Amino acid sequence: MLRAIREPAEGERVALVVEGGGMRGAVSGGMALALHELGLADNFDAAYGSSAGALNAMWLISGRALDGMPTWTDAEFGKDLMSKRRIFGKRPIVDMKTMIEQNYERVSPGLFDAVLAAGTEFHPLATDVETGQAVDLHPQVTDRQSLILAARATSNLPLIGGPPVSLNGSRYLDAGLSAAIPFQAALDDGATHLLLLRSRKKGDLATDPSGLGGRLTTRMLGRISPAIREGYLTRGRREGADEEFLARHDREQGLTPSILSIRPPHDSPVPSRLESDMEVVRNGLEAGRQAVHEAFSGSRT
């Protein structure tokens with residue numbers, strides 16, 4: 001697997017798959033930063049990402065990782081991105097529109113043009129509001145504006161992130177509702193080798209909603225669409241099946257396609273989805289960075 005990433009052979013399609021998870025995406029952001037540090041950023045035919053994972057992939061393939069990853073730990077950006085005080089205001093609690101359309105370009109002028117010009121295909125996934133299914137937005141990204149909308153769509157958290165993002169007549173929400181670990185899209189495109197950057201620690205599994213909070217969230221999501229409600233209700237089971245598939249590839253050598261998953265250590269300080277403590281976020285980013293360096297430490301001989 002490591003040799004394929006470094007020196008792809010004829011007929012191989014090498015894909016990077018990046019998990020998000022709100023502020024937990026700082027972990028996969030640290031992993032993407034490590035790939036940049038190791039000189040591996042350009043060794044992928046395509047990069048697939050969900051939610052914050054798609055944004056991390058965007059920074060990496062554009063060659064702007066050193067510009068983008070520090071935004072995870074910038075206190076001012078953190079306050080601008082998320083504030084519970086906005087619950088009764090016009091801006092959403094989690095404002096990805098401002099972050100992507102204004103702050104990203106301010107941090108790294110020309111970012112979106114660099115993504116469009118990258119040699120690695122960019123595949124951001126999002127959840128279709130009407131069907132509840134994961135959609136690969138790559139075919140719809142044709143210019144700067146459609147790229148911006150796709151970046152917003154993949155990371156637009158339901159209920160607290162504002163209304164769904166409209167793109168080419170369809171409405172989209174965060175990819176975490178339908179494809180938190182977007183490896184299936186890579187397999188559908190014929191990937192023979194996949195490197196998965198995971199933001200969840202081993203043993204940290206998604207669960208179906210329960211309790212009063214789960215019931216209230218389910219009811220509110222039902223107002224968006226019945227498909228979104230159903231996706232939320234079954235998310236734990238679907239992600240459990242994905243985890244089983246990936247666990248088999250971890251256990252058994254020689255399976256096709258070749259899949260390497262990198263996770264932070266089980267004792268890592270992984271941020272929560274809506275983490276506001278920048279020290280926790282910073283530690284999570286560094287845990288992800290170290291995990292990739294350790295995974296590749298024996299492959300550079």
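A salt bridge is taken here as a side-chain nitrogen of Lys or Arg within 4 Å of a carboxyl oxygen of Asp or Glu. With that criterion, a search of the whole structure, which is a predicted model, returns 19 salt bridges.

Strand 1 covers residues 14-18, and five of its five residues are buried, so the strand is largely enclosed by the rest of the structure. In a regular strand, side chains alternate between the two faces of the sheet. Here, Val14, Leu16 and Val18 point one way, while Ala15 and Val17 point the other way. The residues of both sets are buried, that is, each has under 20% relative accessible area.

Between strand 1 and strand 2 the chain passes through helix 2 (residues 25-37), giving a β-α-β crossover that is right-handed.

Because Glu37 lies in helix 2 and Arg289 in helix 12 (residues 278-296), the pair ties together parts that are 252 residues apart in sequence. Glu37 itself is partly exposed, at 36% relative accessible area.

Two further pairs can be followed in the model. Asp204 forms a salt bridge with Arg200, the closest N and O atoms lying 3.2 Å apart. The two partners fall into separate accessibility classes: Asp204 is partly exposed, with a relative accessible area of 29%, whereas Arg200 is buried, at 9%. A salt bridge also links Glu252 to Arg248, where the closest N and O atoms are 3.4 Å apart. In this pair Glu252 is partly exposed at 34% relative accessibility, and Arg248 is likewise partly exposed, at 41%.

Salt bridges may also share partners, and one such network joins Glu19, Arg24, Arg198, Glu243 and Arg263.

Definitions and conventions. Residues are numbered from 1 along each chain as its sequence is written. This is a predicted model: local features need pLDDT of at least 70, side-chain atom pairs count only at pLDDT 80 or more; totals for chains, interfaces and linings use all residues. Side-chain values use heavy atoms; hydrogens and water are left out. Buried means under 20% relative accessible area, exposed over 50%, partly exposed in between (1.4 Å probe, protein chains only). Helices (H or I, at least four residues) and strands (E, at least two) are DSSP runs, numbered from the N terminus. A crossover is right-handed if, with the strands pointing away from the viewer, the path from the first strand over the helix to the second runs clockwise.
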